[in-house]
Amino acid sequence: MIDKILFARNEELNLKKRFALVNAVNTSCVDIIPIVVTIIAFACYVFLNDEPLATETVFASLTLFNILQSPVLLIPAVVSGIGSASTAASRLVALLDEPDIEVNQVAADSNHPPSSEPFSTELPVVKISNGCFSWNRHLGRATFALRDINISIPHGTLTTVIGAVGSGKSSLLCAILNEMHKHSGSLEVSGNIAYCAQSPFIMNATIRDNITFGQPFDKNRYSEVLSGSCLIHDLSLL
């Protein structure tokens, strides 16, 4: 798995290098071409008319070239925008054409009380038996999949999933959230689920508002959060 990730990373770096090279050539051409076109136009005028350039002709031509320069320079941006829009539209069409994931592949425990009532500590919150999940609807040998998953998470416990990069830790959470296709086994979820993704984000607000996140301000708890996240020293530097 690590080799596949490194291979994909090298491919990405190579594409970025090619993109940077093409961008540098494009920028150079944008700056050089107007000058070259002006010189060629004046040279052709002299050779074809067998007469020297008049001052009024030079200034009139330069004014015309300056007027045409901006619309001409916009042509590559328009072509690039059309290509990007076409690519985005094709991806959206492919996404919208994908069949929906079956909503009944996650079974709710009928013996579990409603979420508004107290939980029963005797029932697992999440239970997977011989589960097999993948991101593709059709499971193949080369398809990445979570196979032979057996998990029973009791209520009121802290469960940690440890593994190497790309081993499927995030995919397991997505499987519990019914974001992956289930090919075999059973998945039972009791109660409601709150999911915090590993991609961090902050609100356009104060630090305290980001920490309290809409909850009433509790000075003692707020101090504990700052101490636990090692932010006291960083905030003292501001």
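A residue counts as buried when its relative accessible area is under 20%. Ile149 has 17% relative accessibility, so Ile149 counts as buried. This is a predicted model. The protein chain has 238 residues, and 14% of them count as buried. Its elements are 6 helices and 3 strands.

**Overall layout**

- Read from the N terminus, the elements follow the order α-α-β-β-α-β-α-α-α.

- Ile149 sits in strand β2.
- Why does Ile149 count as buried? Its relative accessibility is 17%, and the cut-off for buried is under 20%.
- Which residues does Ile149 touch, leaving out residues up to four places away in sequence? They are Ile128, Ser129, Asn130, Gly131 and Leu172.
- Take the pair Ile149 and Ile128: they are 21 residues apart in sequence. In space, the distance from C-alpha to C-alpha is 6.5 Å.

- Most residues other than glycine have a negative phi.
- Asn130 has a positive phi, near 50°, and is not a glycine.
- Asn130 belongs to strand β1. Asn130 is also one of the residues that Ile149 touches.
- Phe213 is not a glycine either, and its phi is positive at about 55°.
- Where is Phe213 found? Phe213 lies in the loop between α4 (207-212) and α5 (219-228).

**How α1 and α2 pack**

- The axes of α1 and α2 are 11 Å apart, and the two helices pack at an angle of about 145°.
- Their crossing is right-handed.
- On the α1 side, the contact is made by Val30, Pro34, Thr38, Ala41, Phe42 and Tyr45.
- On the α2 side, the contact is made by Thr57, Val58, Ser61, Leu62, Phe65, Gln69 and Leu73.
- What kinds of residue make up this contact of α1 with α2? There are 9 nonpolar residues, 4 polar residues and no charged residues.

**The largest pocket**

- The largest pocket holds about 460 Å³ of space.
- In total, 18 residues line the largest pocket. Val126, Ile153, Leu173, Ile176 and Ile193 lie nearest its centre.
- By type, the lining of the largest pocket has 13 nonpolar residues, 5 polar residues and no charged residues.

**The second largest pocket**

- The second largest pocket has a volume of about 320 Å³.
- How many residues line the second largest pocket? The number is 16. Nearest its centre lie Ile33, Pro34, Val37, Gln69 and Val72.
- Helices α1 (2-49) and α2 (55-97) each supply at least two residues of this lining.
- Pro34 and Gln69 also take part in the contact between α1 and α2.
- The lining of the second largest pocket divides into 12 nonpolar residues, 4 polar residues and no charged residues.

Notes. Residues numbered from 1 in each chain as written. Predicted model: local features only at pLDDT ≥ 70, side-chain atom pairs only at ≥ 80, totals over all residues. Heavy atoms only, no water. 1 Å grid on protein atoms, 1.4 Å probe; cavity = no way out; pocket = protein on both sides within 12 Å on 5 of 7 lines; lining within 4 Å. Points joined across faces, edges and corners; volume = space filled by probe spheres on them. Nonpolar A, V, L, I, M, F, W, Y, C, P; charged D, E, K, R; others polar. Helix = DSSP H or I, 4+ residues; strand = E, 2+ residues; numbered from the N terminus. Axes fitted to C-alpha atoms, helices over the stretch in contact; angles between N-to-C directions. Left-handed = near helix turned anticlockwise from the far one by under 90°. Contact = heavy atoms within 4.5 Å. Buried < 20%, exposed > 50% of the residue type's maximum accessible area, 1.4 Å probe, protein only.
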